[in-house]
Amino acid sequence: MVVSNRVPADADNPGGLAVALKDALSGRESLWFGWSGDISADTETVRTVTRGQAAFAVTDLTQEEHDGYYAGYSNRALWPAFHYRLDLSEFEESDFRAYMAVNARFARQIAELLRPDDIIWIHDYHLIPLAEALRALGVTNAIGFFSHIPFPPPELFQAIPQHRELAAGLMACNLVGFQSRRDRANFERYMIEKANGIWMPDGRVGAFGSISRAMAFPIAIEVDSFAETARAGAQMDTARRMMAAARGHAIILGVDRMDYSKGLPERLGAIGELFARHPELCGHATLLQIAPVSRGGVEAYAHLREEIEGLVGHINGEYAQIDWAPIHFMAQGLPREELAGLLRLARVGLVTPLRDGMNLVAKEYVAAQDPDDPGVLVLSEFAGAAEQLTGALIVNPHDMREQAESIRRALEMDLTERRERHAAMMEVLHQYDSAWWCASFLDALEKSREGGESDGLRTAFGGDGSGGGSGASMHSAAAGRLTA
Ligand code: ADQ
């Protein structure tokens with residue numbers, strides 16, 4: 001039983017979650033529960049939809065639920081706080097109540113669909129309290145939670161007024177999965193340092209009356225099928241038009257949802273810095289930034305669009321020539337195949353979030369390249385992907401000079417170095433692909449239910465990626481007070 005806020009039952013959903021799970025679950029028997037995407041007064045009906053092999057169970061949200069649970073607590077409180085942006089978080093008590101109420105409702109509806117041997121895989125920050133709500137209904141099935149977004153350091157997490165309720169919700173799961181070792185360490189540090197938690201001898205953590213295992217499972221892509229899509233996409237009309245318009249200029253490509261976590265103003269600033277420091281590059285390289293608007297109803301996003309459009313206008317005004325402009329900006333999305341084709345043809349892939357759980361575009365850019373003549377990935381050290389894609393040019397996105405110099409280095413990199421870096425990253429992507437991600441999470445979930453050791457991802461980062469906690473073992477009398 002997969003549970004996520006949105007399910008890809010009807011519309012094309014450009015979110016990373018839908019893309020990764022669609023690949024990962026093909027060939028398995030599953031039921032995917034979530035919000036239909038529709039608003040109505042009917043909260044009782046659960047519709048089942050079948051598309052190909054996949055079965056979905058969807059329910060509507062009321063307008064109040066949407067505003068409080070989704071736009072409110074999930075996207076105005078949790079999303080910014082988990083991306084280290086407490087300054088943008090708005091903690092409204094009424095939003096939190098709606099958030100808890102929707103989770104409790106989903107739990108009731110899921111409990112009716114469950115079979116005794118089902119395992120439950122919950123996705124993302126909209127549904128943090130769901131496992132605890134299911135347990136309150138007597139559900140004893142194995143429950144795993146995967147966080148697609150970062151988990152902030154404990155000092156930041158504890159500033160969320162409802163941090164205890166959120167933490168208790170996560171601890172009700174048998175397994176809590178994170179994108180990176182950094183996120184997992186932040187979660188464990190919170191439990192031990194701020195919630196009187198204890199390490200179990202087997203590496204699990206005990207806190208809030210429960211025992212749970214935290215592990216890192218970097219989300220992945222289907223490498224070969226994406227590469228194939230990119231080869232086909234590069235032959236399509238959109239790709240041809242991009243190359244014709246470039247007239248031999250190198251394309252530096254950015255593809256992101258328009259979100260303040262993606263570092264777009266800093267990226268544009270770095271492009272300004274690039275042409276200021278290297279005027280010889282004017283007329284020879286162009287940034288194509290594709291950033292479809294998301295979450296139009298949240299105020300911080302409207303401000304971001306204004307800021308980005310102001311910066312694009314300013315930099316283009318400063319450096320454009322009669323037949324060339326430094327930045328080409330599009331606020332509309334593109335179909336996946338066309339996008340993959342553009343990724344293949346771009347000389348530089350620019351992925352510079354200020355904070356990102358993983359960032360699938362980074363992986364897609366690498367997979368899309370022609371191995372004989374690959375482009376160069378410039379990647380933020382604050383994307384989860386940086387723990388794996390060490391063949392990228394890694395940058396601090398706040399340092400515009402460094403970002404600009406890395407873009408220049410990428411534009412000038414010789415073929416041998418480009419091939420070496422690309423091959424190293426492809427090896428990682430092949431080894432840890434979307435099938436691996438799905439299988440290793442489910443395997444670890446089954447093992448954690450038994451309370452046994454699981455060595456899931458010890459080597460996914462080329463080292464001790466997961467498994468046992470880093471702390472000492474707990475006193476056995478204390479362990480006895482907790483129930484698994
Ligand atoms: P997102 O924040 O949405 O995902 P990302 O990981 O980059 O970010 O995934 C976006 C997906 O949508 C990619 O597959 C990309 O190709 C696609 N996409 C982006 N822009 C598009 C466009 N203009 N047109 C069409 N498709 C577009 C969240 C977390 C990430 C995490 C994922 C998966 O924020 O950190 O990697 O979930 O866990």
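A residue is called buried here under 20% relative accessible area, exposed over 50% and partly exposed in between, with a 1.4 Å probe and protein chains only. The model is predicted, so local features need pLDDT of at least 70 and side-chain atom pairs count only at pLDDT 80 or more, while totals for chains, interfaces and linings use all residues. Residues are numbered from 1 along each chain as its sequence is written, and side-chain values use heavy atoms, leaving out hydrogens and water.

**View 1. The whole chain, for orientation.**
Before zooming in, here is the overall picture. The protein chain holds 17 helices and 16 strands (DSSP runs numbered from the N terminus: H or I of at least four residues for helices, E of at least two for strands). Of its 484 residues, 58% count as buried. The accessible surface comes to about 19100 Å², and carbon and sulfur atoms account for 49% of that surface (Shrake-Rupley method, 1.4 Å probe; for residues, only the protein chains shown count as cover). Take the contacts between residues at least 6 apart in sequence: 75% of them join residues at least 24 apart (contact means heavy atoms within 4.5 Å).

**View 2. An open, parallel sheet of 6 strands.**
Reading across the sheet, the strand order is E13-E12-E11-E14-E15-E16, with parallel pairing (two strands pair if DSSP finds at least two bridges between them). Strand E13 (327–330) and strand E16 (393–395) are at the edges; each has a single partner strand, so one side of each lacks a neighbour in the sheet. From one strand to the next, the twist averages 20°.

**View 3. Strands E11 and E12, with helix H12 lying across them.**
Strand E11 (residues 250–255) and strand E12 (residues 285–290) run parallel and are joined by 6 bridges. Helix H12 (residues 336–345) lies across both E11 and E12, at about 135° to E11 (axes are lines fitted to C-alpha atoms, for helices over the stretch in contact, with angles from 0 to 180 degrees between N-to-C directions).

The whole structure contains 29 salt bridges (a side-chain nitrogen of Lys or Arg within 4 Å of a carboxyl oxygen of Asp or Glu). One of them joins Arg-105 to Glu-65, at 2.8 Å from N to O. This pair links distant parts of the chain, since Arg-105 sits in helix H3 (residues 93–113) and Glu-65 in helix H2 (residues 63–82), 40 residues apart. Arg-105 counts as buried at 5% relative accessibility, and Glu-65 counts as buried at 14%.

In helix H7 (residues 181–194), Glu-188 and Arg-184 are 4 residues apart, so about one helical turn separates them. Their closest N and O atoms are 3.2 Å apart in a salt bridge. Both ends are hidden: Glu-188 is buried at 4% relative accessible area, and Arg-184 is buried at 7%. Helix H11 (residues 299–319) places Arg-305 and Glu-309 4 residues apart, again about one helical turn. Here the closest N and O atoms of the salt bridge are 2.8 Å apart. Arg-305 is partly exposed at 33% relative accessibility, and Glu-309 is partly exposed at 37%.

**View 4. A salt-bridge network.**
Pick out Glu-273, Arg-277, Glu-405, Arg-408 and Glu-412 together: a network of salt bridges links these residues.

Asn-359 belongs to the loop between strand E14 (348–351) and helix H13 (360–368). With a relative accessible area of 6%, Asn-359 is buried. Its side chain reaches two backbone nitrogens, that of Val-361 at 2.9 Å and that of Ala-362 at 3.1 Å. Beyond neighbours within four places in sequence, Asn-359 contacts Lys-262, Val-351, Pro-353, Ala-383 and Ala-385.

**View 5. Thr-352, in the loop between E14 and H13.**
Thr-352 lies in the loop between E14 and H13. At 0% relative accessibility, Thr-352 counts as buried. The side chains of Thr-352 and Arg-267 make a polar contact at 2.8 Å (a pair of N or O atoms within 3.5 Å; within protein, one must be able to donate a hydrogen and the other to accept it, and residues adjacent in sequence count only if both atoms are side-chain atoms). Leaving aside neighbours within four places in sequence, the contacts of Thr-352 include Lys-262, Gly-263, Val-378, Ser-380, Val-395, Pro-397 and Gln-403.
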